[in-house]
Amino acid sequence: MLTLPLRLLGALLLTLAIGIPSCQAVFPVNAPGPAPFTPSFLQK
Amino acid sequence: MAADPQTPPALPAADEHARGTTERWPRRAWVTARAAALFLLPLPLVLALVGALIGGDVPRALFSAGGLACLCGAGALSAGALVAEARYFSGERPDPPAIPLKLLSALLTAIGIVLAALAGGHTVPAALVFAILGVAGHVALYGRDVKPPRIAVSVVDGIDGAAILLQLKQAHGRLRGIEASARAIPAPEFRDRLLRITGIGRDILGEIERDPVQASRARRFLNVYLDGAERVTSEYARTHGRMRAQPLEEHFRKLLTDMEHTFADQHRTLVERDLMSLDVDMEVLDTRLTREGPG
């Protein structure tokens, strides 16, 4: 009876646990981000 | 003629076909998705690996490659376990895999997730949290490894225990095959009756396990009836979704009724012989006690 909800929960957990680190490996969390955009006329 | 209350209302052939198709496809798709999940989810690691190689980031490239390899290996193990499990439950193989494939797959998944998280710039504790979540998800999605039922044949002089054990394993496999086919039959009446029949079959096998001498008395049950029942049930389950033939259903219903009675008779015979044998043993002991007295 509980099999399907349990399997769905498992699928969700596995997706999060593998998907998040895998996607973050493409764009690492501690990598320096792009410099904030400042229009040239405001730059000193 | 009055309709049997247990008989489900007859559906037109097209509806029956549609029902069979709609019930089978999601199940197949679900099994395929489960087998493919561990191959598809880590695919972004390929991009991470390429990006790290282009950027000359060696540690990230190694973590990404390691994570990818571990997760794909875990996927291969899980797919193997699911296939072996399906073959075991359909009676095609006598035993489940001896190696705990799902456990190994869960371990590889944990290692792969840790490596992927490290490639993503997470700290070790954060990577471990992801790994715990992943293992919990793995266990919930794939379940645990199937353990074989414990069949312990009693030792009796003059009886080949190994041969009896093999016969019992084959018989259990046939009962699993009947159950797998029964689950594919949409009519609850047939499904319930088949599950009752396999229940009686297991009782008979339990009797043989307790007293292997009974195997020779149940020879026809082990070698002929079970094999025939498995074959007919699987063929009926295979053809039932494609066409509906009223005479065939009636014939199958009658066959199942006869089968249930025959199996029940077989079980009763074995139990009665057991009781008779116990009665004789008691009588012999009583006679000796009366004749020989205290000594």
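I began with the two domains of chain B: taken over C-alpha atoms, their centres are 41 Å apart. The bounds, which come from an automatic or database domain assignment, are 25–142 for domain 1 and 161–292 for domain 2. Where they touch, I found 4 residues from domain 1 and 8 residues from domain 2, counting two residues as in contact if their C-beta atoms, placed from the backbone, lie within 7 Å. The domain 1 side of that contact has 2 nonpolar, 2 polar and no charged residues. For these classes, Ala, Val, Leu, Ile, Met, Phe, Trp, Tyr, Cys and Pro are nonpolar, Asp, Glu, Lys and Arg are charged, and the others, Gly among them, are polar.

A note on what I am reading: this is a predicted model, where local features need pLDDT of at least 70 and side-chain atom pairs count only at pLDDT 80 or more, while totals for chains, interfaces and linings use all residues. Residues are numbered from 1 along each chain as its sequence is written, and chains are lettered from A and ligands numbered from 1 in the order in which they are written.

Next I checked chain B as a whole. I count 10 helices and 0 strands; these are DSSP runs numbered from the N terminus, helices being H or I of at least four residues and strands E of at least two. Among contacts between residues at least 6 apart in sequence, 74% join residues at least 24 apart.

Then I picked out B:Arg217, which sits in helix H8 (residues 214–217) of chain B. Is B:Arg217 buried, partly exposed or exposed? B:Arg217 is partly exposed because it has 15 C-beta neighbours inside 10 Å; buried takes 20 or more other C-beta atoms within 10 Å, exposed 12 or fewer, and partly exposed lies in between, with C-beta atoms placed from the backbone. Beyond four places in sequence, B:Arg217 contacts B:Leu270 and B:Arg273.

Last, I looked at where the chains meet. There, 22 residues of chain A contact 26 residues of chain B. The chain A side has 15 nonpolar, 6 polar and 1 charged. I also looked up one helix pair: A:Ala17, A:Ile18, A:Pro21, A:Ser22 and A:Ala25 in H1(A) meet B:Ile113, B:Ala116, B:Ala117 and B:Ala119 in H4(B). By class, that contact has 8 nonpolar, 1 polar and no charged residues.
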